[in-house]
Amino acid sequence: MRIERAQMNPIISPIHVTPSSPEMQVVSAFNAAAVSWEGETLLMLRVAEVPRNVADDEVAVPIVAHVDGSAHVEVRRFKRNQPGLDTSDPRAVLFNGEIFLSSLSHLRLARSKDGYHFAIDTKPALFPTEPYEEYGIEDPRMTVLEGRVYINYTAVSRYGVAVALASTSDFVTYEKHGIILPPENKNVVIFPERIGGRIVMIHRPATTGLGGQQMWLAYSYDVLHWGQHTPLMGKRPGMWDSIRIGAGAVPMRTDYGWLEIYHGVNDEQGYCLGAVLLDLEDPSKILARSNLPFLIPEAEYERTGFFGNVVFTCGAVVTEVEDESVVRIYYGAADQYTCRADIDLEDIIDSLHTPAVLVRPPVNLNEVPYPTGAACPIGE
Ligand code: MAN
């Protein structure tokens, strides 16, 4: 399969992004949602910032605090040699059992005519303001559904990692709709059209003990209330998606089925991208799945950065180039940069393998499109 990484990768680096305030410094611009909108490619970037003013012997944690009902960024400072402090993971700061994030993320809009050169807004589109967003808002996905753009994102706080929803119709004003899935859940993608009258999402709860990480489907009539949760697919021991798994880009309608590009993690390769093909009428039916990832952290900017060995997508767009459908994947590299890689849709489809047929466990959920005896990779 030919994967064309953009020659100008990374197409967006932290230095291209204006900080949200003079006190902050941008360390990462990555994991962007992507959508084609009125002739342009729009990215909703995750912008991670750290406080500028930090002494050498200090560790600083930016959080959103509420004073008299209004939200502002506050910095918690620890002495580097303070007992009980653990900064071994660059993404987090642990102090006596409490977990904080080392940076504070918000969401920022970037626009492009050619899909390579982006004009990045100087102000955030969405900033963490709610108590359940106090450690930041991350990893957005954008779905155009019935004329409105829905932006779901990860909301991080002392209460855990949850999924929140916002929406816009013009990328000028945004409305926050609050939490749609409580902790611990992330990696949500909402399908761009109703299926059998219902809006559909893939989500990824993380349970401890039984279950672990699995991708699930859920259904809604109004995009705010979700139910009829159904397990879709799990990790596969010994394979590229053996340690962690989660939906990436918003599912793309193709002639073959819904194409979902998802991330998988294993010890050797880190965060990689592969795909799963779901039935157009019944997305709980898995038609095919990558046995091998097609995007692996190999380039220098993917292997080294804020957190190395990561390629992670939150959005892709399908474009027609000389009668060929090309999937243009926008992805975060090393949790620091935004990159682009193009792959022919036919090549992705050809690379997928039909999963082993297992019998699904019996379920009793009304109306869930759950064909008995269909391919079931749960626990593969
Ligand atoms: C998590 C997510 C992403 C991040 C990866 C790799 O799964 O929160 O934001 O890119 O980890 O660090």
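The legends below describe close-up views of aromatic rings in this predicted model.

**View 1. The aromatic pair of F78 and F100.** A search of the whole structure finds nine aromatic pairs, and one of them is formed by F78 and F100, whose rings are tilted at 45° between the planes and lie 5.9 Å apart, centre to centre.

**View 2. The aromatic pair of Y271 and F312.** Y271 and F312 form a tilted aromatic pair, with 6.1 Å from centre to centre and an angle of 55° between the planes. Y271 lies in strand β22 (residues 270-278) and F312 in strand β24 (residues 311-321), so this pair ties together parts of the chain that are 41 residues apart in sequence. Y271 is buried, with a relative accessible area of 12%, and F312 also counts as buried, at a relative accessibility of 7%.

**View 3. A cluster of rings.** F78, F95, F100 and Y135 are linked into a cluster by ring pairs, and the tilted pair of F78 and F100 is found among these residues.

**View 4. Arginines over aromatic rings.** R91 lies over the face of F307, at a distance of 3.7 Å from the ring centre. In another place, the ring of Y219 has the charged end of R198 sitting over it, 4.0 Å from the centre of that ring.

Key. Residues are numbered from 1 along each chain as its sequence is written. This is a predicted model: local features need pLDDT of at least 70, side-chain atom pairs count only at pLDDT 80 or more; totals for chains, interfaces and linings use all residues. Side-chain values use heavy atoms; hydrogens and water are left out. Rings of Phe, Tyr and Trp (its six-membered ring) pair if their centres lie within 6.5 Å; planes under 30 degrees apart count as stacked, over 60 as edge-to-face and the rest as tilted. Helices (H or I, at least four residues) and strands (E, at least two) are DSSP runs, numbered from the N terminus. Buried means under 20% relative accessible area, exposed over 50%, partly exposed in between (1.4 Å probe, protein chains only). A charge sits over a ring if NZ of Lys or CZ of Arg is within 6 Å of the ring centre and within 35 degrees of the ring normal.
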